[in-house]
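This briefing goes through one protein model, topic by topic. Please keep the sequence and the 3D view open while reading.

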Amino acid sequence: MLDLVIDARQAAISPGFNVRRILPYRLRRMLGPFIFMDHAGPVQVAPEQVHDLDVLPHPHIGLSTVSYLFGGQVTHRDSLGVEQIIRPGEVNWMTAGRGIAHSERFEDPATLAGGQLEMIQTWVALPEAAEESAPSFVNYQPHELPVFTDTGVWMRLIAGDAYGLGNAVRTHSPLFYLHVLLQPGARFGLPRGYPERGAYVAKGLVEVGGHRYGPGQLLVFTPSIDPVIVALEASTLMLLGGEPLGERFIWWNFVSSRKERIEQAKADWQAGRIELPPNDNAEFVPLPQDRSRPAGSGGPAPAPQALS
């Protein structure tokens with residue numbers, strides 16, 4: 001029933017800001033088109049430490065970043081000139097395409113001091129035909145994301161198609177991504193029609209096939225199997241998956257179907273050919289001095305360290 005259980009690892013995305021990293025994983029680089037997943041928070045820091053959490057402007061190519069908050073707020077600024085505060089229940093969908101830079105700033109000390117900031121960050125790899133597309137950014141409000149409720153179940157469709165639901169979030173390949181809340185005793189099945197499917201346990205405790213799974217675990221399910229997830233206590237899940245895209249190389253914040261494109265992106269960032277956000281350009285994350293090769297190329301792979 002389960003191909004793999006991935007236990008989240010600790011990673012740092014900025015000084016003093018640790019996250020639980022779920023993807024990529026050495027035995028599972030991608031799940032459908034999803035190639036990266038972080039769970040940050042709940043974060044609680046003193047007001048004087050707020051700026052230590054900021055993720056300075058950094059670049060991306062070949063992917064869409066998807067930001068979804070359980071609590072708190074984050075200010076996004078990018079090289080298109082977009083400045084957007086994201087709040088719980090909204091979706092920030094930024095498609096990097098041929099190249100974009102952005103920052104994530106935590107500018108509300110009250111939510112940080114209160115331990116309210118909690119977020120899920122994912123990257124969705126682009127199909128080859130869209131890897132060099134023009135960069136774009138869209139913020140989707142909660143009323144644009146359909147919610148379904150049943151006995152003991154609440155769920156919001158973040159993107160894609162699942163359970164007969166769809167929304168206006170623009171994706172580039174078949175996928176599903178949902179936020180699900182289960183009350184104790186609730187029983188829940190996975191979306192059908194996708195070859196790769198997973199459920200990340202953000203909070204709570206669930207049972208699948210007689211085994212228990214808790215916070216920080218991503219359950220990767222066998223294709224064509226229709227498991228039943230049973231909530232043993234109030235639980236929060238993120239369901240994700242879709243059609244696989246084929247091999248992708250990943251290095252730092254760059255994703256591509258071609259190794260040489262990763263090398264070009266490194267050179268472009270180092271030479272200043274990827275523009276900084278016009279309203280956040282006083283500082284940026286320099287290119288890491290790392291000689292390892294992109295993941296998938298047969299050599300060691302550095303984990304991306306910036307917040308998507």
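The charged end of Lys266 sits over the ring of Trp251, at 4.1 Å from the ring centre. Trp251 also belongs to a cluster with Trp252 and Phe254, linked by ring pairs. The model is predicted, and the mean pLDDT of its chain is 91.

**Aromatic rings**

- Nine aromatic pairs are present in the structure.
- In the pair formed by Trp252 and Phe254, the ring centres are 5.7 Å apart and the planes stand at 90°, so the pair is edge-to-face.
- The angle matters for this label because planes over 60 degrees apart count as edge-to-face.
- In general, the distance of the centres and the angle of the planes are what describe a pair of aromatic rings.
- Trp252 has a relative accessible area of 4% and is buried.
- Phe254 is buried too, with a relative accessible area of 0%.

- Strand β21 covers residues 217-221 and is mostly covered, with five of its five residues buried.
- Gln217, Leu219 and Phe221 point one way from β21, while Leu218 and Val220 point the other way.
- This can be read against a general rule: in a regular strand, side chains alternate between the two faces of the sheet.
- The residues pointing either way from β21 are all buried.
- Strand β1, residues 2-7, runs antiparallel to β21 and is joined to it by five bridges.
- Within that pairing, Ile6 has Leu218 of β21 as its bridge partner.
- Strand β18, residues 196-203, also pairs with β21 in the antiparallel sense, over five bridges.
- Here Gly198 stands opposite Val220 in β21.

- As background, most residues other than glycine have a negative phi, and most peptide bonds are trans.
- Trp252, the residue from the ring cluster, has a positive phi of about 55° although it is not a glycine.
- Trp252 is placed in the loop between β24 (249-251) and β25 (254-256).
- Tyr163 is likewise not a glycine and has a positive phi of about 55°.
- The loop between β14 (153-162) and β15 (165-166) holds Tyr163.
- Tyr163 is partly exposed, at a relative accessible area of 34%, whereas Trp252 is buried.

**Cis peptide bonds**

- Leu23 and Pro24 are joined by a cis peptide bond, with omega at about 0°.
- Pro24 lies in the loop between β3 (17-23) and β4 (34-43).
- Gly41 and Pro42 are also joined by a cis peptide bond, again with omega at about 0°.
- Pro42 is found in strand β4 itself.

**Confidence**

- Of the residues in the chain, 89% reach a pLDDT of 70 or more.
- Over residues 299-304, the pLDDT is below 50.
- This stretch, residues 299-304, has 18 contacts in the model beyond near neighbours in sequence.

Definitions and conventions: Residues are numbered from 1 along each chain as its sequence is written. This is a predicted model: local features need pLDDT of at least 70, side-chain atom pairs count only at pLDDT 80 or more; totals for chains, interfaces and linings use all residues. Side-chain values use heavy atoms; hydrogens and water are left out. Rings of Phe, Tyr and Trp (its six-membered ring) pair if their centres lie within 6.5 Å; planes under 30 degrees apart count as stacked, over 60 as edge-to-face and the rest as tilted. Buried means under 20% relative accessible area, exposed over 50%, partly exposed in between (1.4 Å probe, protein chains only). A charge sits over a ring if NZ of Lys or CZ of Arg is within 6 Å of the ring centre and within 35 degrees of the ring normal. Helices (H or I, at least four residues) and strands (E, at least two) are DSSP runs, numbered from the N terminus. Two strands pair if DSSP finds at least two bridges between them. pLDDT is the predictor's confidence in each residue, from 0 to 100. Contact means heavy atoms within 4.5 Å.
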